[in-house]
Amino acid sequence: MLRDYQQRAIDDVYTWFRANETGNPCLEMPTGSGKSHVVAELCKNAVKGWPDTSILMLTHSKELIAQNSIKMRQHWPNAPLGIYSAGLGRKEIDQITFAGIQSAHRYADRIGHRDLILVDECHLISNKQQGTYRKLLANLKAINPNMRVVGLTATPYRLGQGTLIDGEDALFDAILKPVTMQELIARGFLATLKSKHTKSMLDISGVHKRGGEYIESELNRAVDNEEINRAVVAETIARADGRSKWLFFCSGVAHAENIRDELIAQGISAACVTGNTPKKERAEILRAHEAGEITALTNANVLTTGYDSPDIDLLIYLRPTLSPALYVQMSGRGMRVKSATDHCLVLDFAGNVERHGPITNVRPPKAKGDKVGEIPTKICPQCDELVQISVMVCPDCGYIWKEKPKEFNLSNADIMGIEPQEAEITEWKWIKHTSKKSGKEMVRVTYYSGLAGPSITEYFAITHDGYAGARARAALMTLVKDSGLDPDRVSLDDMSELAAYLNTGKQPDLIQYTKNGKFYDISNRHFAPRNLPNRETKPDGFAHRIG
């Protein structure tokens, strides 16, 4: 049985296909959201709904192929399923074929006609027409020009290329986001992370960059030395506080091996996994770690994507990275729901949390050559003029800000960035808004919290199609009732009239919100005479945002 957001993901794919006769969508789904279940159900629905449909599921690791095929059998025991993977010792072609890209990329003719390609961890696909994925997909497209591709990933972006839809040669045309990390955590489907500042920090001040990332050889020389290795291991042991499954992310093979040796020297059972580890040995090490026979596991470039060990309760970052995708993927290894605790501790000796911010608010990397960043903005509470955040006098109406708005600062335990902030609301203002991206009309509300407080803007995409529109309309109707207005008087025919009517309602006395990029997620709105919220409770709702 699918969870509601997993079914929503499938519905979003079909809705997008119906609206677009050509092109390929990418599903952005957080680590731990159950992409393998979505893959299985998409395969089952497609073949049962259209019996002649042939499907190829591609990914880069034998572990993911095995994991996805097990879920496929759970959803459909008698599925016409073949597995094509040298790593798994199988070379089967069937109506539904799960394949490893390294095994299949030269054999498009053997795979043959395919109507639908599913790619798990599709952020590995280049936006340019190069690489093994693009070569195989181009050859399969030549066999069937009507072939469609659906990508799945938690991180739909690549260093130096921007998002997976950037550029003329990008494979994907849209990124669909059926569920957020915040929602999965609030509903108990994911565990939280808690980060701590460390006394020891890796010094990479002399390390140069190439292709948007630190040069590996220089990085390894900077971070892998006896003194710092001894210090970070000692601090890890001191901070572990009874945690039993540790995972270290190291900067290279030698670094991972040296950290393992230092752990053992300081009395901790440890093992190391790298690309050089033989397959059988690697499988035994992972089994022993998951069984609790080994406390600490060090790795280099192996256990960042697709590795699933739910009870990992301590992540140690010894690999500085400029890649937001790698940062999010590493963090995801600790977010599975656990049997003995409700969170995973992160010790960030590499400075990645400070470098990238909360994993719920990571910005995609810029495309190569894009030097212009977003200019932070704010909205004038008097005339709604959009101005740079540093402006203190509104150029349109002369409104004077009393103090400079505070920038977001990462706290000592803020890798998640999901703890809601609160604002007491003194007034609100609704206006009609037109999306620059889609051209669709919507309504926008700005909550004001006094002269020195923040002004927080929320968008309701009520004219949008599909799930996004339905969700926005439902949220708006709830707000209409809570503000004392009559739902029967709400019409979607004229956004200006709707905004005018909404302005006659009573604003909430207090809201809880989190910053998400340049937008806000409003998790709670409290109206008098309701009691103020218990600060310990989790948010119970999530508003849709649109740009």
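Modeller: Let us begin with secondary structure: helices (H or I, at least four residues) and strands (E, at least two) are DSSP runs, numbered from the N terminus. By this rule the protein chain has 15 helices and 26 strands. This is a predicted model, in which local features need pLDDT of at least 70 and side-chain atom pairs count only at pLDDT 80 or more, while totals for chains, interfaces and linings use all residues. Residues are numbered from 1 along each chain as its sequence is written, and side-chain values use heavy atoms, with hydrogens and water left out.

Colleague: What is the mean pLDDT of the protein chain?

Modeller: pLDDT is the predictor's confidence in each residue, from 0 to 100. Its mean over the protein chain is 85, and 86% of the residues reach 70 or more. Over residues 370-376 pLDDT stays under 50, and the model has eight contacts (heavy atoms within 4.5 Å) for them beyond four places in sequence. Residues 530-547 also have pLDDT below 50; this stretch has 45 contacts in the model beyond near neighbours in sequence.

Colleague: How many of the 547 residues are buried, as a percentage?

Modeller: Buried means under 20% relative accessible area, exposed over 50%, and partly exposed in between, with a 1.4 Å probe and protein chains only. In the protein chain, 54% of the 547 residues are buried. An individual case is serine 491, in the loop between helix 14 (466-482) and helix 15. Serine 491 has 34% relative accessibility and therefore counts as partly exposed.

Colleague: Which residues of helix 3 are buried, and against what do they pack?

Modeller: An α-helix has 3.6 residues a turn, so residues three or four places apart point the same way. In helix 3 the buried residues are Leu64, Ile65, Gln67, Asn68, Ser69, Lys71, Met72 and His75. They pack against elements including helix 2 (35-49), strand 2 (55-59), strand 3 (81-85) and strand 5 (96-100).

Colleague: Which strands pair with strand 5?

Modeller: Two strands pair if DSSP finds at least two bridges between them. Strand 5 pairs in the parallel sense with strand 2 over five bridges and with strand 3 over four bridges. Phenylalanine 98 in strand 5 stands opposite methionine 57 and also opposite isoleucine 83. Both faces of strand 5 are covered, with Ile96, Phe98 and Gly100 buried on one side and Thr97 and Ala99 on the other.

Colleague: In what order do the three strands of the open sheet stand?

Modeller: The order is 22-23-24, with antiparallel pairing. Strand 22 (427-434) and strand 24 (455-460) have a single partner strand each, so one side of each is left without a neighbour in the sheet. Neighbouring strands here are turned by 25 degrees against each other on average, direction ignored. Strand 23 (residues 441-448) pairs with strand 24 over six bridges, and tyrosine 448 stands opposite serine 455 in strand 24.

Note on methods: Axes are lines fitted to C-alpha atoms, for helices over the stretch in contact, and angles run from 0 to 180 degrees between N-to-C directions.
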